[in-house]
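This report describes a single protein chain for computational work. Please read it alongside the sequence and coordinates shown here.

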Amino acid sequence: MATATAAILAVAACGGSSGVASVEPHATVPTAPPTTADPYAVPATIDAAYVNKVLEGLDAAVGDIVRLVIATRQISPEVIDRLNALYINHDDANLLLQGIQDVMRKNFVNIRSNPGNEKSTVTEMITSSRACIFAKLSKDYSAVTSTGDAATKVEWIGLKPSDSTKDPNDVNPTPWMIATEGLVLPGGTAPSNPCSGAS
């Protein structure tokens, strides 16, 4: 829109005094388009649509880690830094790291050569506040692996506000970090709700 406005003004300026109305001296022309709103800004009401947007960003960040490991064939300091930017607890980060190391040892068998991102979709919001989110998910791994493991799984995730000191390189695009994540526990129960006591 700013480019079109500038072109119109240039044409008007070339018209001289041929009866074309001139711009009043006090009028101003925007020099830059308005800034785009942060898509991850925390809304007044945290609903499934917002959490899905956050999960899309986190899934992409995890995908970047997987693609980095495949490209370099190593667990570099950058990989560790990226994991620390996404996970609050070292145990959860280490669990993902162990999984990555396992597929490395197997020479990335059944992992797509240029894997996409896992896809997380909220199926139930259990807790939602600005302090903590806990949700039941459907997870699709078909863009990552070509085996039966690509089948959609039922999982849970807990999110808490991010800690900028753990993400000095701004690799986490969202204002949330993963507090817990997991599959169905033995007996068919969900993992413990990390939001218990959070307000």
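## Basis of the model

The model is predicted: local features need pLDDT of at least 70, side-chain atom pairs count only at pLDDT 80 or more, and totals for chains, interfaces and linings use all residues. Residues are numbered from 1 along each chain as its sequence is written, and side-chain values use heavy atoms, with hydrogens and water left out.

## Largest pocket

The largest pocket holds about 1,000 Å³ of space. A pocket here is an open set of points on a 1 Å grid over the protein atoms alone, where a 1.4 Å probe fits, with protein on both sides within 12 Å along at least five of seven lines; lining residues have an atom within 4 Å of a point. The volume is the space filled by probe spheres set on the points, which are joined across faces, edges and corners. Of the 38 lining residues, L96, G99, I100, E118 and Y141 are the closest to the centre.

Helices (H or I, at least four residues) and strands (E, at least two) are DSSP runs, numbered from the N terminus. At least two lining residues come from each of α2 (48-72), α4 (90-105), β3 (153-161) and β4 (176-183), and α2 gives the most, with eight. By class, the lining comprises 19 nonpolar residues (Ala, Val, Leu, Ile, Met, Phe, Trp, Tyr, Cys and Pro), 10 charged (Asp, Glu, Lys and Arg) and nine polar (the others, Gly among them).

## Strands β3 and β4

β3 and β4 run antiparallel and are joined by seven bridges; strands pair if DSSP finds at least two bridges between them. P161 stands opposite W176 in β4. Six of the eight residues of β4 are buried, meaning under 20% relative accessible area, whereas exposed means over 50% and partly exposed lies in between (1.4 Å probe, protein chains only).

## Helix α4

D92, A93, L97 and I100 are buried in α4. The buried residues fall within an arc of 140° seen down the helix axis, so they line one face of α4; the arc is that of the directions from the axis to the C-beta atoms. The face turned away from this buried side carries the exposed residues D91, L95 and R105.

## Loop residues

R73 lies in the loop between α2 and α3 (77-86). R73 has a positive phi of about 60° although it is not a glycine, and its relative accessible area is 46%. N110, in the loop between α4 and β1 (119-128), likewise is not a glycine and has a positive phi, near 70°.
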